[in-house]
Amino acid sequence: MSALRITVITPACNAAATIADTIASVLAQSHHDVQLIIIDDGSTDDTAAVAARFVDPRIAVIRQPNAGVAAARNRGMAEADGDAQLFLDADDWLAPDALARLSATLQTAPEAVAAVGPYARVYPDGAVRPAAYRPPAAPCDLLPRLIVQNRFANGGHVLVRRGAALDAGNFRAGIVYGEDWEFFIRLALHGRFAFVPARQPLLFVRVRAEGAYRRRAADPVAFHPAMAAIFGNPDLLRRFGPARLAALRRRAEAENAWIVGRELVRQGRA
């Protein structure tokens, strides 16, 4: 079985402080057939200069006017030539064997559209806290659960087959919060997800005291564009029917309300 060629797509906007760790983690992968596409999305800091310090033919840096993370990922997808794609944020990093483990999982599950692995959050005080991870023994249909709740930290621990990504379509540029959730729901319409069996984290997610996630997760209005796109998708209506889809929406709305409340409490605003 030949190794998969993997394209890592990293949108970066004013990420000069963190992107070196991200790039270094990709270049250190035990899986060597890797293409790293960095989309400098209108940075006004030294993001491009930091990326340019890494001289490696596997890296491509594309600069564009600021268009948002969804548009940046779409640009990376258009430039990608790998068999599979991983969306790695510019402030996160991968374990050295992350791509090898994800690739092996995807190759042993030909029916799966993507492979998922465990991740950990890294806090400003240096604490590393692995997220709960209970991998199913076989590839499974995540769609009903994914509609209710985004099951992923972000795209950095999800390896997506290129053909499945093309079938799902681009990220929706009009959604600035939950755009990855909406994309993965469309992806789940096309097949099952396989899970890396071991529990050692593949992805390390940097938790920032101040950031877009904290601001948006505490704002109920921020959820509206993603929810409108998800529950306005006619493919979901055909899959579940109006009654069940309405029930799933109520559960998703309750989950969103819980997230808002949790963030307000964490931020001392409730």
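Guide: In this predicted model, contact means heavy atoms within 4.5 Å.

Visitor: What covers the buried residues of helix 3?
Guide: The elements that cover them include strand 1 (6-12), strand 2 (34-41), strand 3 (59-64) and strand 4 (84-87), together with helix 6 (162-168) and helix 7 (179-188). The buried residues of helix 3, which spans residues 69-79, are Ala70, Ala72, Arg73, Asn74, Gly76 and Met77.

Visitor: Why is Ser103 called buried?
Guide: A residue counts as buried when its relative accessible area is under 20%, and Ser103 has 2%, so Ser103 is buried. Ser103 lies in helix 4 (residues 98-107).

Visitor: Which residues is Ser103 in contact with, leaving aside its neighbours within four places in sequence?
Guide: With those neighbours set aside, Ser103 is in contact with Leu4, Ile6, His31 and Leu159. The C-alpha atoms of Ser103 and Ala3 are separated by 7.8 Å, although the two residues are 100 residues apart along the chain.

Visitor: What makes helix 7 roughly parallel to helix 9?
Guide: Helix 7 and helix 9 (residues 224-231) pack at an angle of about 10 degrees, and their axes are 9 Å apart. Angles under 35 degrees count as roughly parallel, and therefore helix 7 is described as roughly parallel to helix 9. The crossing of these two helices is right-handed.

Visitor: Which residues meet where helix 7 packs against helix 9?
Guide: From helix 7, Trp181, Glu182 and Ile185 meet Ala226, Met227, Ala229 and Ile230 of helix 9. The residues of this contact divide into six nonpolar, no polar and one charged.

Methods
Residues are numbered from 1 along each chain as its sequence is written. This is a predicted model: local features need pLDDT of at least 70, side-chain atom pairs count only at pLDDT 80 or more; totals for chains, interfaces and linings use all residues. Side-chain values use heavy atoms; hydrogens and water are left out. Buried means under 20% relative accessible area, exposed over 50%, partly exposed in between (1.4 Å probe, protein chains only). Helices (H or I, at least four residues) and strands (E, at least two) are DSSP runs, numbered from the N terminus. Axes are lines fitted to C-alpha atoms, for helices over the stretch in contact, and angles run from 0 to 180 degrees between N-to-C directions. Angles under 35 degrees count as roughly parallel, over 145 as roughly antiparallel, 65 to 115 as roughly perpendicular and the rest as oblique. A crossing is left-handed if the near helix is turned anticlockwise from the far one by less than a right angle, and right-handed if clockwise. Ala, Val, Leu, Ile, Met, Phe, Trp, Tyr, Cys and Pro count as nonpolar, Asp, Glu, Lys and Arg as charged, and the others, Gly among them, as polar.
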